[in-house]
Amino acid sequence: MGGSNESVAEVEGEFDSSFILHPSSLAVCLVSGGMDSCVTAAIAREENEALAFLHVSYGQRTELRERRAFEDLADHYRVSQRLAVSIEHLARIGGSSLTDPNIEVTAADPGAPGIPASYVPFRNAHLLAIATSWAEVIGARSVYIGAVAEDSSGYPDCRPEFYEAFQRVIDAGTRPETTIAIKTPVIELKKSEIVLRGKELGAPLELTWSCYQAAGRACGACDSCALRLRAFRQAGCADPLPYVLDSSRFAY
C-alpha cells in the first residue's frame, strides 16, 4: 500500500470467474470506510441477496485508517467477498491535498465556491472502472457507490451526470451479455438525510471514518469533518466518533 511502487490487490473469500450466484442477487459495493459508503452499503444489503465489498487505496493520508473501517464494515455485514486494491499512481500524479503532503488540507469552509484542494482528479472514474471489471468477472449486476451531489464538497465526479455518462461507458465497454448498473442511492440526499437513513437501517456509523488528515481522533477542522458534524447536528443525533476539537464549537 503506501510507499510501494506497485499496485497491490488483496482478495478475501472464495470466488472464481464463473457466476457464483444468480447474477441479479449479487452487487459490488464500493466501501471507502466513510459515512456515505456505509449507508450505501446498508441500502445495498436491503436490495440484494449478497454483496461483494471493494476498497480502493490511492495514497490518501488516512488510507490505513480507512482500510480498517472497510474491514470493520465488511465484518459487520458478514461480507466474505472482499477486494482491496491500491492505485498509488493517483498519489504520484498529485494535485490533491489528500495525496500530496506539500498541499495543505485547508480548514473547513463548506460554503466556499469552487472545487476544494481535496478533490482527487477524476478519482471516481478509476474506482468505477475497477468495480466494473470485478463485477463482470463475478457476475454482479450492479455497482453501488456512495456519491453525494448536493450537500458535499462540490467534486465534479460526484454529479449525477457523471454517473449517467459512465453508465454509457460500461454499456459500451463490457461483453454484450453483461448487464451492470451503477447505483447511487444517496446522491440526491443531504448529509443530514444520510445520517437519518443510516439510523433507520441500523448502519454502524460508529465504525466509519471521515477525517481527511487524522487517524486517531478526527481533527474536527477539515472539510470532511465539518460536513459530517453539520450533518449529525442537523439530524439531531450525536456523532459517535471522537474529535480533537470540541464539535460543539462549530456551527457550519
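In this predicted model, a residue counts as buried when its relative accessible area is under 20%, and as exposed when that area is over 50%.

Q: Is Cys 29 buried or exposed?
A: The cut-off for a buried residue is under 20% relative accessible area. Because the relative accessibility of Cys 29 is 0%, this residue counts as buried.

Q: Which residue is the bridge partner of Leu 54 in strand 4?
A: Strand 3, residues 50-57, pairs with strand 4 in the parallel sense, over six bridges. Strand 4, residues 81-86, has six of its six residues buried, so the rest of the structure largely encloses this strand. Gln 81, Leu 83 and Val 85 point one way from strand 4, while Arg 82, Ala 84 and Ser 86 point the other way. Among these residues of strand 4, the bridge partner of Leu 54 is Leu 83.

Q: What is the handedness of the crossing of helix 6 and helix 7?
A: Helix 6, residues 191-201, packs against helix 7, residues 223-235, at an angle of about 65 degrees, and their axes lie 7 Å apart. Residues including Val 195 and Leu 196 of helix 6 and Leu 227 and Phe 232 of helix 7 make the contact, whose residues divide into six nonpolar, two polar and one charged. The crossing of these two helices is right-handed.

Key: Residues numbered from 1 in each chain as written. Predicted model: local features only at pLDDT ≥ 70, side-chain atom pairs only at ≥ 80, totals over all residues. Heavy atoms only, no water. Buried < 20%, exposed > 50% of the residue type's maximum accessible area, 1.4 Å probe, protein only. Axes fitted to C-alpha atoms, helices over the stretch in contact; angles between N-to-C directions. Helix = DSSP H or I, 4+ residues; strand = E, 2+ residues; numbered from the N terminus. Left-handed = near helix turned anticlockwise from the far one by under 90°. Contact = heavy atoms within 4.5 Å. Nonpolar A, V, L, I, M, F, W, Y, C, P; charged D, E, K, R; others polar. Pairing = 2+ DSSP bridges.
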